[in-house]
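Here is a short briefing on one chain. Look over the sequence and the model, then read the points below.

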Amino acid sequence: MSQLQQKIGPAIIQALIVCIVRFFTIPLSIWKGAALRLADRREAASGPDDGRAKSEFPVLDWIRTAWDGMIFLSWFVGAVAAILTLLGGMFSFGFLAGIGSAFAVLVYFYFSVILMSFFKESLILILSIATNVEKLVSKPAADGPAEAGEAQKQTL
């Protein structure tokens, strides 16, 4: 019981960090990651086709990259939407209503990258399953169970 009492304090602090602090900082790290992946992809590209190995699932690969683009552009779209909301709210409802509406739009777009990243990660899971199936199907018959059986005989 005393060990539990010693661990309560650090556990509470870690829970607050994960649930509160990380909730407010994860959108920035998601957005920066998307920006860096897009920049790396652009640097690696030598033309319209980036020279990656051809996949049987080019649309899923394109969608995965497009999600990074949407995550990256979402904050710019949010800034424009906030400005339009500010102006529209100021002229329709008053200055404070315009500021409040613009702030709400900024908060929405700041945290929207979490949901977009969740959908992207779900897509990546599907893509990785499809890629693994593609690798298994394209594997030559020589790498199949017969060769594995011979390797077991040699180790015995």
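The model is a predicted one.

**Fold and packing**

- The chain has four helices and zero strands.
- Read from the N terminus, the order of elements is α-α-α-α.
- The chain has 156 residues, and 21% of them count as buried.
- Among contacts with a separation of 6 or more, 80% are between residues 24 or more positions apart.

**Salt bridges**

- The chain has two salt bridges.
- One of them pairs Asp68 with Arg37, with the closest N and O atoms 2.9 Å apart.
- Asp68 lies in helix α2 (residues 58–92) and Arg37 in helix α1 (residues 2–44), so this pair ties together parts that are 31 residues apart in sequence.
- Lys120 also forms a salt bridge with Asp68; here the closest N and O atoms are 3.3 Å apart.
- That pair links distant parts of the chain, since Lys120 is in helix α3 (residues 95–138) and Asp68 in helix α2, 52 residues apart.
- Through shared partners, the salt bridges join Arg37, Asp68 and Lys120 into one network.

**Burial of the network residues**

- Which of these residues are buried, and which is partly exposed?
- Asp68 has a relative accessible area of 6%, so it counts as buried, the cut-off being under 20%.
- Lys120 is at 8% relative accessibility and therefore counts as buried.
- Arg37 has a relative accessible area of 39%, so it is partly exposed.

**Record annotation against the model**

- An unreviewed UniProt entry places the feature "transmembrane region" at residues 12–31, 72–93 and 99–119.
- Such annotations may be inferred rather than shown by experiment.
- In the model, residues 12–31 are 100% helix and 0% strand. The end C-alpha atoms of this stretch are 28 Å apart.
- Residues 72–93 are 95% helix and 0% strand. Their end C-alpha atoms are 32 Å apart.

Terms used: Residues numbered from 1 in each chain as written. Predicted model: local features only at pLDDT ≥ 70, side-chain atom pairs only at ≥ 80, totals over all residues. Heavy atoms only, no water. Helix = DSSP H or I, 4+ residues; strand = E, 2+ residues; numbered from the N terminus. Buried < 20%, exposed > 50% of the residue type's maximum accessible area, 1.4 Å probe, protein only. Contact = heavy atoms within 4.5 Å. Salt bridge = Lys/Arg side-chain N within 4 Å of Asp/Glu carboxyl O.
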